[in-house]
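Please keep the sequence and the 3D view at hand while reading.

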Amino acid sequence: MVGPSATDLVKRRLSGLKLTDGSTAWTGDKDLFQVSVQPAGPNRVLVEGSDYGSAKGLTWFTDGTTGKLLLDINSPLHLICTYDERSVTVCAGEDSAFALDPATGKVLWKLPDDAKTRVAPRVTAVWHGVVYGRTSNGPVSLDATTGQDRPGNPQLAPVLVDGYAGLADTNGGIAAYAATG
């Protein structure tokens with residue numbers, strides 16, 4: 001388990017606890033404030049907050065078992081990261097999306113691309129190698145490993161997906177659709 005622990009009324013340090021007995025496995029060496037932590041893959045967490053000394057914002061992709069920084073994302077945007085339950089972690093913020101290899105923290109792809117030929121979707125769900133989302137042109141589905149469009153023309157952008165069904169927002173209501181593929 002990973003989260004911020006208080007060093008005084010304002011300062012926080014990131015800490016990892018052992019699930020077996022609740023003892024401290026590791027403690028970070030930076031004083032932080034306004035820290036949030038979210039799961040981002042097997043034994044991986046996304047840490048957002050600010051450095052206490054400089055007030056500079058930070059976004060880190062971190063190994064939750066050791067506290068090792070895998071990638072300093074250095075993003076001013078609030079990100080939501082989702083593990084696809086297979087092999088990729090997809091992070092999305094306002095007008096941006098990218099995928100990470102959860103084992104190494106290596107960026108696999110990012111949108112918008114450097115050539116400015118593709119926009120980032122508003123990611124709605126990520127599941128088993130597929131990124132679902134919306135753009136101004138409608139629903140999209142991307143290969144989670146490459147970021148490339150998947151074949152076909154998706155008719156919806158599910159907000160929740162598993163091996164059996166996808167739930168999608170249908171103009172104010174929620175509808176369930178059988179999973180395919």
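The lining residues of the second largest pocket comprise eight nonpolar, three polar and three charged ones. In this classification, Ala, Val, Leu, Ile, Met, Phe, Trp, Tyr, Cys and Pro count as nonpolar, Asp, Glu, Lys and Arg as charged, and the others, Gly among them, as polar. The model is predicted: local features need pLDDT of at least 70, side-chain atom pairs count only at pLDDT 80 or more, and totals for chains, interfaces and linings use all residues. Residues are numbered from 1 along each chain as its sequence is written, and side-chain values use heavy atoms, with hydrogens and water left out.

**The second largest pocket**

- A pocket is an open set of points on a 1 Å grid over the protein atoms alone, where a 1.4 Å probe fits, with protein on both sides within 12 Å along at least five of seven lines; lining residues have an atom within 4 Å of a point.
- The volume of the second largest pocket is about 210 Å³, a volume being the space filled by probe spheres set on the points, which are joined across faces, edges and corners.
- Its lining has 14 residues, and those nearest the centre are Ala92, Gly93, Pro121, Arg122 and Val123.
- At least two lining residues each come from β8 (80–83), β9 (89–93) and β12 (122–127); strands are DSSP runs (E, at least two residues), numbered from the N terminus.
- β12 supplies the largest share of this lining, five residues.

**The three-stranded sheet**

- An open sheet has three strands in the order β15-β16-β17, and their pairing is antiparallel; two strands pair if DSSP finds at least two bridges between them.
- β15 (158–161) and β17 (173–178) are the edge strands, each with a single partner, so one side of each has no neighbour in the sheet.
- From one strand to the next, the twist averages 25°, with axes as lines fitted to C-alpha atoms and angles running from 0 to 180 degrees between N-to-C directions.

**Pairing and hairpins**

- Three bridges hold the antiparallel pair of β15 and β16 (residues 165–170), with Leu160 bridged to Leu167 of β16 and Val161 opposite Gly166.
- β16 and β17 run antiparallel and are joined by six bridges, and Asp169 lies opposite Ile174 of β17.
- The hairpin of β16 and β17 has two residues between the strands, and Asn171 takes a positive phi near 55° there.

Methods. Helices (H or I, at least four residues) and strands (E, at least two) are DSSP runs, numbered from the N terminus.
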